[in-house]
Amino acid sequence: MHPLFSHHALAVSGFCSDSVAKPNSWAVIVLCVLLFFLTISVVLFRRRLSYVFKSLYSQRFYSLLLRESKVLEDMMFPVVLLYDLLTVSLGTLMIVEHFYAHLVQKTTYFGMFGIIFAIMLALYFLTFTANIVYTGLFEHQKERYSLNLYKFIFLTNVAIVLFPFLVAYQATGYFVVLYAFIPVFLALLGLFLYRIMKINPRNINLFQFFLYFCTLEVLPYLLLVKLLTKF
């Protein structure tokens, strides 16, 4: 055999594990679970889920959604809400892992994921309850269901749109992918505010609504961010 094939050797200076891409298998597992929940939701509640997603952009689909069923009392609500909160929690965990990696190391990946999910669940129902307080204090009981429904619609839109960004970030490792979601989130938030302001514009006092939104909707999440930055 020619020496070119029998005595060939490559010089190796050493193996550097830090230079090798290390995919986060736990994040992949969570993404697969999210995909499973999304698939189940689409299979079981395809039409209503479509209406929920489109209701943020079209009043016509919102009316169709109300005719279809009482969404917040339907079986679809807890299933889709679980997917929504898990997706947002994973996105939050990826941000925490990027900026505050020591927090994840202290509690383990799934430990931190569980903490964030519990906080997100508590904040959601806290603001859900806040709507009851707000509508009761300022005599907007007729708008209560619409406020809570639009909250669910907004969260579902955020979760569904966020999912491909999370997949792209996990596949590429470029955190800038999540930065690209910021303008999308702001656009969804703008639509959400517009929709809840159009529920009953004659009976909604702008000053009261501003106080409600800042103290009961925004403040809890700002406190969460402040809490994270202290560690």
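What follows is a chat about the predicted model shown above.

Visitor: Before we start, what kind of model is this, and how are residues numbered?
Guide: This is a predicted model, in which local features need pLDDT of at least 70 and side-chain atom pairs count only at pLDDT 80 or more, while totals for chains, interfaces and linings use all residues. Residues are numbered from 1 along each chain as its sequence is written, and side-chain values use heavy atoms, with hydrogens and water left out.

Visitor: How many helices and strands are there in the protein?
Guide: The protein has eleven helices and zero strands, where helices (H or I, at least four residues) and strands (E, at least two) are DSSP runs numbered from the N terminus.

Visitor: And what percentage of the residues count as buried?
Guide: Of the 231 residues, 41% count as buried; buried means under 20% relative accessible area, exposed means over 50%, and partly exposed is in between, with a 1.4 Å probe and protein chains only. The protein exposes about 13600 Å², of which carbon and sulfur atoms supply 70%, with accessible areas taken from the Shrake-Rupley method with a 1.4 Å probe, and for residues only the protein chains shown count as cover.

Visitor: What share of the contacts with a separation of 6 or more comes from residues 24 or more positions apart?
Guide: Such residues account for 74% of those contacts, contact meaning heavy atoms within 4.5 Å.

Visitor: Switching to helix packing, at what angle do H2 and H5 cross?
Guide: The axes of helix H2 (residues 25–44) and helix H5 (residues 76–99) cross at roughly 155° and come within 10 Å. Axes here are lines fitted to C-alpha atoms, for helices over the stretch in contact, and angles run from 0 to 180 degrees between N-to-C directions. H2 is therefore roughly antiparallel to H5, given that angles over 145 degrees count as roughly antiparallel, under 35 as roughly parallel, 65 to 115 as roughly perpendicular and the rest as oblique.

Visitor: Which residues make that contact?
Guide: From H2 they are Ala27, Val30, Leu31, Leu34, Phe37, Leu38 and Ser41, and from H5 they are Val79, Val80, Leu82, Tyr83, Leu86, Thr87, Leu90 and Met94. They divide into 13 nonpolar, two polar and no charged, with Ala, Val, Leu, Ile, Met, Phe, Trp, Tyr, Cys and Pro counted as nonpolar, Asp, Glu, Lys and Arg as charged, and the others, Gly among them, as polar.

Visitor: How does H2 pack with H3?
Guide: H2 and helix H3 (residues 46–55) pack at an angle of about 110°, with their axes 5 Å apart, and are therefore roughly perpendicular to each other. Ser41, Val42 and Leu44 of H2 make the contact with Arg46, Arg48 and Leu49 of H3, a set of three nonpolar, one polar and two charged residues.

Visitor: Now the loops: where is Tyr57, and what is it in contact with?
Guide: Tyr57 sits in the loop between H3 and helix H4 (59–68) and is partly exposed, with a relative accessible area of 38%. Leaving aside neighbours within four places in sequence, Tyr57 is in contact with Asn157, Leu188, Leu191 and Arg195. Tyr57 and Leu191 are 134 residues apart in sequence but 7.3 Å apart in space, C-alpha to C-alpha.

Visitor: What about phi of Thr108?
Guide: Phi of Thr108 is near 75°, a positive value in a residue other than glycine. Thr108 lies in the loop between helix H6 (101–107) and H7.

Visitor: Last one: is Ala130 buried or exposed?
Guide: Ala130, which lies in helix H7 (residues 109–137), is buried, with a relative accessible area of 6%.
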